[in-house]
Amino acid sequence: MCGIAGIINHRDQYNESEILNAMCGTMYHRGPDGGGIFAAPGVLLGHRRLAVIDLESGDQPLYSEDRSLALVINGEIYNFASLRRELESKGHTFATSSDSEVLLHLYEESPDTFINRLEGMFAFALWDSKKQRLILGRDRMGKKPLYYFIKKGSLVFGSELEVLKCHPDCPGTLDPEALADYFSLLYVPQPYTVYKEIYALPAAHYMIFECAAGKGTLHPYWQLDLSKKHTAPRAEIAEELRRLVTEAVRKRLVSDVPTGVFLSGGIDSNIVTGLAAELLQGNSCRAYTVGFRESRYDERALARIGAAFINGRSGGNLICKEREVDIPDFSLVEELTAHCGQPYADSSILPTALLSAFAREEITVALSGDGADELFGGYERYLAMAMAAKLEKLPRFFRRSMLQGISLFPDRGERSFSGRLRRFLRISCTEEKNRYFAILDRAPETLRRKLFSQEFYSQLCSSGAERFRRNAGTLTTRDRGEIFSEMDLHTYLPGDILPKADISSMANSLEVRSPFLDREVVEFASRIPWEMKLCGKERKSILKEAFGHLLAPEIRSAPKKGFGVPVASLLRNRWYNSAEELLFSEKLLQSGFLNPETLKTLWRQHQSGKLDHSYILWSIIIFALFLKNAVPDKGR
């Protein structure tokens with residue numbers, strides 16, 4: 001796990017070597033164990049290393065035997081051992097024991113298809129001096145980040161947006177459509193960023209940048225297909241799922257540094273923890289849990305139950321450590337906002353960062369349960385969409401009357417019964433094609449007309465729902481319910497969940513691995529019929545069946561909590577002063593994006609306790625922090 005950066009086709013307009021050093025310095029936290037630079041005419045590649053495999057000789061850049069190829073990579077190749085044996089049998093000579101070096105020799109063997117052979121999480125840059133071209137590649141699910149811009153025939157790329165800002169040509173004009181998406185979704189959907197002309201390399205794509213032309217061409221190399229379904233009996237499907245996930249965990253336990261797991265009160269992390277403990281029998285398995293004092297945001301009690309149950313099966317080798325965490329001031333918020341490089345308002349990044357810092361005290365690699373909700377129907381909103389479809393039988397005026405009735409009661413927040421009912425009734429009144437966006441939308445049309453300035457609103461060319469459907473891309477499922485899961489795999493997972501895991505962990509120099517996002521697991525899960533995932537009201541039904549032996553009854557039946565932060569109450573007490581200062585800061589008010597009067601109204605209503613505006617207020621606060629730290633004098 002590392003950080004990469006590069007400047008390709010530069011023409012010595014600036015001191016590029018100094019710029020690249022600054023780019024690498026910006027991502028020191030991603031790789032505190034070492035760094036390296038490759039320089040050739042017009043080409044600079046940089047690398048920061050977090051040593052995980054081949055601690056002695058795995059420094060980068062890496063080179064082919066004839067040194068015509070140079071490589072920098074962020075991530076892990078899990079099938080490197082079998083690939084290495086195959087390549088050595090064909091006469092290739094390896095200079096290191098690194099998992100990454102196989103990529104160079106695969107490219108020599110088959111430059112057009114080499115990326116298809118890689119299993120892992122990765123973002124890489126490979127320079128081919130003979131063909132005078134650079135290849136950028138990203139893993140299938142988008143676990144590892146890679147951002148770039150092309151300007152004046154030059155390509156600049158890096159593992160973080162902040163890295164690109166070190167370059168004088170970095171575009172700084174904000175994209176109104178991307179910003180509108182941010183206020184609705186709390187993140188900017190990939191491949192876009194908040195900046196015009198800066199993009200994320202899409203998941204499951206590679207780019208070929210030809211120096212002579214000064215242009216890059218994107219190529220997809222993999223696409224998930226949910227149209228084909230298993231026809232085997234449920235028991236056989238559960239058995240094969242168990243085998244594949246177990247093997248995925250086994251592959252991700254390979255490391256030359258201390259490794260552990262994240263453990264919460266949820267099903268996914270308990271499965272990963274239970275498998276890790278079983279596979280490490282004879283050795284200790286370390287698990288880490290954090291929680292807040294407020295019970296609605298604390299899963300430590302459930303995590304203890306899950307750990308005790310797992311220990312009963314694994315012989316007691318699971319060592320579970322827990323910590324009560326707190327966010328007393330804004331310093332962590334400010335730090336993580338800077339690492340994000342663009343507005344990102346999923347507040348669960350805060351406990352994820354605290355968990356990462358806690359784990360990093362003892363380990364360098366952690367396994368997580370990310371991806372299971374999207375693959376196996378874990379979100380409550382999937383059930384809500386199914387129920388909303390059934391409510392279509394009721395007249396719309398009746399549904400609207402119910403919504404108006406519940407609106408008379410105080411808004412106690414989304415996690416309260418009234419908050420969830422209010423949200424459900426709102427989506428049931430929305431036309432079907434826009435319904436899923438409506439359940440995600442934190443800035444619905446009625447609010448954005450008041451909140452956005454007239455100038456900002458006039459720059460939006462399409463509705464949020466239209467842009468969301470466009471960002472979701474081509475969908476393959478034929479199931480009316482599964483379409484929402486597939487949308488999340490294209491939008492929420494690579495745009496919100498995976499950046500959160502990467503940013504919060506790498507800010508603490510910790511590598512996080514996700515067994516559920518193994519290619520074989522993902523492809524197999526995509527072929528499981530939706531009714532085996534969402535079975536009546538039971539979510540993740542097939543996953544629970546496959547791993548019931550690892551799940552304590554309390555874990556299996558507990559309602560999903562999520563990994564949240566009590567933002568609503570914090571804005572009313574300990575964060576009040578910092579929040580108010582940012583909401584009404586001169587830089588935000590003069591940016592011209594938002595209506596100051598609406599801001600005042602939202603803040604006043606939230607402080608009264610009668611309404612919960614925490615989501616939209618938090619997104620505005622994060623945007624204000626972003627503006628405070630953004631590249632100066634770049635305009636909108």
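**Figure 1. An open sheet of 6 strands, ordered β2-β3-β1-β9-β8-β10, has antiparallel pairing.** The edges of this sheet are β2 and β10 (199-200), each with a single partner strand, so one side of each is left without a neighbour in the sheet. The model is predicted: local features need pLDDT of at least 70, side-chain atom pairs count only at pLDDT 80 or more, and totals for chains, interfaces and linings use all residues. Residues are numbered from 1 along each chain as its sequence is written, and side-chain values use heavy atoms, with hydrogens and water left out. Helices (H or I, at least four residues) and strands (E, at least two) are DSSP runs, numbered from the N terminus. Two strands pair if DSSP finds at least two bridges between them. Strands of a sheet pair through backbone hydrogen bonds, either parallel or antiparallel.

**Figure 2. The hairpin of β2 and β3 has 2 residues between its strands.** Strand β2 (residues 34-40) and strand β3 (residues 43-49) run antiparallel and are joined by 7 bridges. Gly 34 stands opposite Arg 49 in β3, and Ala 40 stands opposite Val 43 in β3. In this hairpin, Gly 42 takes a positive phi near 80°.

**Figure 3. Another open sheet of 6 strands has the order β4-β5-β6-β7-β11-β12, with antiparallel pairing.** At its edges stand β4 (62-63) and β12 (215-220); each has a single partner strand, so one side of each is left without a neighbour in the sheet. Strand β11 (residues 205-210) is joined to β12 by 6 bridges, and the two run antiparallel. Within this pair, Glu 210 has Lys 215 in β12 as its bridge partner.

Figure 4. Pro 61 is placed in the loop between β3 and β4. The peptide bond from Gln 190 to Pro 191 is also cis, with omega near 15°, and Pro 191 is found in the loop between α5 (176-185) and β10. Arg 67 has a positive phi of about 60° although it is not a glycine; this residue lies in the loop between β4 and β5 (69-77). Ala 204, likewise not a glycine, has a positive phi of about 60° and sits in the loop between β10 and β11. Is each of these two residues buried or exposed? Arg 67 is exposed, with a relative accessible area of 54%, whereas Ala 204 counts as buried at 4% relative accessibility. Here buried means under 20% relative accessible area, exposed over 50%, and partly exposed in between (1.4 Å probe, protein chains only).

**Figure 5. Ser 284 lies in the loop between α7 (267-279) and β14 (285-291).** At 42% relative accessibility, Ser 284 counts as partly exposed. Not counting residues up to four places away in sequence, Ser 284 touches Asn 317 and Ile 319, where contact means heavy atoms within 4.5 Å. Ser 284 and Gly 260 are 24 residues apart in sequence and 9.3 Å apart in space, C-alpha to C-alpha.

**Figure 6. The largest nonpolar core has 191 residues.** Such a core is a set of buried Ala, Val, Leu, Ile, Met, Phe, Trp, Tyr and Cys residues joined through side-chain atoms within 4.5 Å. Among the residues with the most contacts inside this core are Phe 124, Leu 350, Trp 575 and Trp 618. Helix α29 (residues 614-629) supplies the largest share of the core, 11 residues. Leaving aside neighbours within four places in sequence, Trp 618 is in contact with residues including Phe 330, Val 333, Leu 350, Leu 571 and Trp 575. A second, separate core of 20 residues includes Leu 45, Leu 134, Phe 157 and Phe 209.

**Figure 7. Helix α15 (residues 432-440) is largely enclosed by the rest of the structure, because 7 of its 9 residues are buried.** Among the buried residues of α15 are Asn 434, Arg 435, Tyr 436 and Phe 437.
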